[in-house]
Amino acid sequence: GATVLNQNLFGFNDLSSVTTNASAFANCSSLKNIVGLDLSSTTNLSGVFAGTTNPVRFGTENLPIKLGTTAGDLSLYTLFQSKTNLREVHLDYGERISSLQTAFQQSGITTFRIGDNKLTNCTNMSGAFRQSKISSFGSEANPITFGNTGTNVSLYESFRDNTSLTEFFVTDSARINSFSLTFAVTGLVKFGSSTTPVGLGSTADNSSTCTFANAFNGVSALREAHLDYGERISSL
């Protein structure tokens, strides 16, 4: 509730030993830029920006939020949901992220960058960027990977109703088992490219099937769809 606090560089950026930051910045109505924090031991971010706290930047390209590389034990569930001022999120690594469920739903996010481009332990992407402002997820040069071992992940409605989204690039992502309604009513133009196809993998990599039911429903801007393999596709 520190309503005058307007930046986070106040002498204790190193929170590497802190395990819970629940409600830490709740109702800090002037706090806009959160950069350089070390959250490598944090497992609880529940309500950290609750109330009137509406950040613009969570990390920058040069000072990303430090999550560290320990395997998946950090949920970003609803963390920035409906934070309309949010524009940028920069993380050093993504391996600790276990859930992005509705993390950025109805937010103003335009840029989402992970230093290692890995979401290899993320098991829930439901509604992650639905109705947000993000324009690209991964890039042709730096696609995001979900990996091909471990728990499957569904991208059900992950980007639905996001009219700003134009590009989607993931590779080595045989864990994905659903693109159902993922891009419905979005502005998606490129689903992979000839040089960086979307990496579904083959049945040899992962025995589960992958559905594309209604994946691109209402996506009139779509021009290209490139996949590495089609063996896992169960429904178009």
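In this predicted model, Asp-161 forms a salt bridge with Arg-130, and the closest N and O atoms of the two are 3.1 Å apart. The pair links distant parts of the chain, with Asp-161 in the loop between S9 and S10 and Arg-130 in the loop between S6 and S7, 31 residues apart. Asp-161 has a relative accessible area of 25%, so it counts as partly exposed.

Arg-130 also meets the side chain of Glu-157 in a salt bridge, at 3.0 Å from N to O. Glu-157 lies in the loop between S9 and S10 and Arg-130 in the loop between S6 and strand S7 (136–137), so this pair ties together parts that are 27 residues apart in sequence. A further salt bridge joins the side chains of Asp-161 and Arg-160, at 4.0 Å from N to O. In general, side chains of opposite charge can pair when their charged atoms come close. The count for the structure comes to seven salt bridges.

| Pair | N to O distance |
|---|---|
| Glu-157 and Arg-130 | 3.0 Å |
| Asp-161 and Arg-130 | 3.1 Å |
| Asp-161 and Arg-160 | 4.0 Å |

Is Glu-157 buried or exposed? Glu-157 has a relative accessible area of 12%, and it counts as buried because that value is under 20%. Arg-130, at 21% relative accessibility, counts as partly exposed. Arg-160 is partly exposed too, with a relative accessible area of 22%.

Glu-157 has another feature, this time in its backbone. Its phi is near 55°, a positive value in a residue other than glycine. The loop that holds Glu-157 runs between strand S9 (153–154) and strand S10 (167–168). A positive phi is also found at Asn-214, where the angle is near 60° and the residue is again not glycine. Asn-214 lies in the loop between strand S14 (210–211) and strand S15 (224–225). Asn-214 has a relative accessibility of 46% and counts as partly exposed.

Next come the strands. Strand S2 (residues 57–58) pairs with strand S4 (residues 88–91) in the parallel sense, over two bridges. In this pairing Phe-58 stands opposite Val-89 of S4. S4 also pairs in the parallel sense with strand S6 (residues 111–114), over four bridges. Here the bridge partner of Leu-91 is Ile-114 in S6. In a regular strand the side chains alternate between the two faces of the sheet.

Leu-86 lies in the loop between strand S3 (74–75) and S4. Its relative accessibility is 0%, so it counts as buried. Which residues are in contact with Leu-86, leaving aside its neighbours within four places in sequence? They are Asn-54, Pro-55, Val-56, Phe-80, Phe-104, Ser-107, Gly-108 and Ile-109. Asn-33 is 53 residues from Leu-86 along the chain, and the C-alpha atoms of the two are separated by 9.6 Å.

Rolling a probe the size of a water molecule over the atoms shows where empty space is left. The largest pocket has a volume of about 320 Å³. It is lined by 19 residues, and the closest to its centre are Thr-111, Phe-112, Arg-113, Ile-114 and Asn-117. S4 and S6 each supply at least two residues of this lining. The largest share, four residues, comes from S6. By class, the lining of the largest pocket divides into five nonpolar, eleven polar and three charged residues.

The second largest pocket holds about 150 Å³ of space. Of the 13 residues that line it, Leu-45, Gly-47, Tyr-77, Thr-78 and Leu-79 are the closest to its centre. The lining of the second largest pocket has seven nonpolar, five polar and one charged residues.

How many cavities of 30 Å³ or more does the structure hold? The structure holds one. The largest cavity has a volume of about 50 Å³. Its lining is made up of Asn-21, Phe-25, Leu-37, Leu-39, Leu-45, Val-48, Phe-49, Phe-58 and Leu-79. Eight of these lining residues are nonpolar, one is polar and none is charged. Phe-58, part of this lining, is the residue that stands opposite Val-89 in S4.

Conventions
Residues are numbered from 1 along each chain as its sequence is written. This is a predicted model: local features need pLDDT of at least 70, side-chain atom pairs count only at pLDDT 80 or more; totals for chains, interfaces and linings use all residues. Side-chain values use heavy atoms; hydrogens and water are left out. Two strands pair if DSSP finds at least two bridges between them. Buried means under 20% relative accessible area, exposed over 50%, partly exposed in between (1.4 Å probe, protein chains only). On a 1 Å grid over the protein atoms alone, a cavity is a set of points where a 1.4 Å probe fits but cannot get out, and a pocket is an open set with protein on both sides within 12 Å along at least five of seven lines; lining residues have an atom within 4 Å of a point. Grid points are joined across faces, edges and corners, and a volume is the space filled by probe spheres set on the points. Ala, Val, Leu, Ile, Met, Phe, Trp, Tyr, Cys and Pro count as nonpolar, Asp, Glu, Lys and Arg as charged, and the others, Gly among them, as polar. Contact means heavy atoms within 4.5 Å.
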